[in-house]
Structures are given as C-alpha cells and as structure tokens.
Amino acid sequence: MEGGFGSDFGSSGGGKLDPGLIMEQRMTDKCFRKCIGKPGGSLDNSEQKCIAMCMDRYMDAWNTVSRAYNSRLQRERANM
C-alpha cells in the first residue's frame with residue numbers, strides 16, 4: 001500500500017468517501033508497518049498480539065475523534 005492518496009482512495013464508486021474504508025486502509029497500513037518486521041507466510045505470536053493491540057488502539061482513537069467531531073457539529077448546528 002502506498003503512503004499517498006490515489007484517485008480512488010476510500011471511494012465507493014460514486015466519488016463519495018467511505019469513512020469505514022478509509023479507517024480500515026489506514027489502520028491496516030499503520031499496524032502492518034509497526035508490527036510486521038519480516039513479512040512471511042504466517043504471523044508469529046508476538047506479531048498477532050501486536051496487530052490486535054494496534055487495531056484496538058487505532059479504533060479507540062478513531063471513535064474518540066468521531067465522537068468529538070459529531071459533538072462539535074451538533075453544537076455548531078445549534079448555534080446557526
């Protein structure tokens with residue numbers, strides 16, 4: 001996976017971005033780079049643990065940011 005944005009990054013076909021797909025792609029890239037030293041045919045125990053913990057932390061962070069963003073949108077809409 002490349003580090004840049006391709007023309008179809010996160011696209012679901014209609015030109016709209018799919019936040020779930022974006023999160024999955026970024027999480028996969030980030031956790032793979034962090035946890036997999038030498039890619040091979042299978043993951044050892046430490047790589048499996050690292051991937052699981054990395055994904056959990058990433059999803060927690062994503063959810064925290066999403067809640068804060070939605071809360072701010074609601075406040076701004078109420079002030080309109």
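Glu76 is partly exposed, its relative accessible area being 41% (buried means under 20%, exposed over 50%, and partly exposed in between, with a 1.4 Å probe and protein chains only). The structure is a predicted model, in which local features need pLDDT of at least 70 and side-chain atom pairs count only at pLDDT 80 or more, while totals for chains, interfaces and linings use all residues. Residues are numbered from 1 along each chain as its sequence is written, and side-chain values use heavy atoms, with hydrogens and water left out.

**Exercise 1.** Determine which residue forms a salt bridge with Glu76, and how far apart the closest N and O atoms are.

*Solution.* 
- Step 1. The whole structure contains two salt bridges (a side-chain nitrogen of Lys or Arg within 4 Å of a carboxyl oxygen of Asp or Glu).
- Step 2. The partner of Glu76 is Arg72, with 3.0 Å between the closest N and O atoms.
- Step 3. Both Glu76 and Arg72 belong to helix H2 (residues 45-78), where they are four residues apart, about one turn of the helix.
- Step 4. Arg72 is exposed, with a relative accessible area of 51%.

**Exercise 2.** Describe the salt bridge of Asp29 and the helix in which it lies.

*Solution.* 
- Step 1. Asp29 is bridged to Arg33, and their closest N and O atoms are 2.9 Å apart.
- Step 2. Helix H1 (residues 19-35) holds both Asp29 and Arg33, four residues apart, about one turn of the helix.
- Step 3. Arg33 is exposed, its relative accessible area being 54%.

**Exercise 3.** Classify the orientation of H1 and H2, and sort the residues of their contact by type.

*Solution.* 
- Step 1. The axes of H1 and H2 come within 9 Å and cross at roughly 140 degrees (axes are lines fitted to C-alpha atoms, for helices over the stretch in contact, with angles from 0 to 180 degrees between N-to-C directions).
- Step 2. H1 and H2 are therefore oblique to each other (under 35 degrees is roughly parallel, over 145 roughly antiparallel, 65 to 115 roughly perpendicular, and the rest oblique).
- Step 3. Residues making the contact include Met23 and Phe32 of H1, and Ile51 and Trp62 of H2 (contact means heavy atoms within 4.5 Å).
- Step 4. The contact residues comprise 13 nonpolar, no polar and five charged (nonpolar: Ala, Val, Leu, Ile, Met, Phe, Trp, Tyr, Cys and Pro; charged: Asp, Glu, Lys and Arg; polar: the others, Gly among them).

Methods
Helix = DSSP H or I, 4+ residues; strand = E, 2+ residues; numbered from the N terminus.
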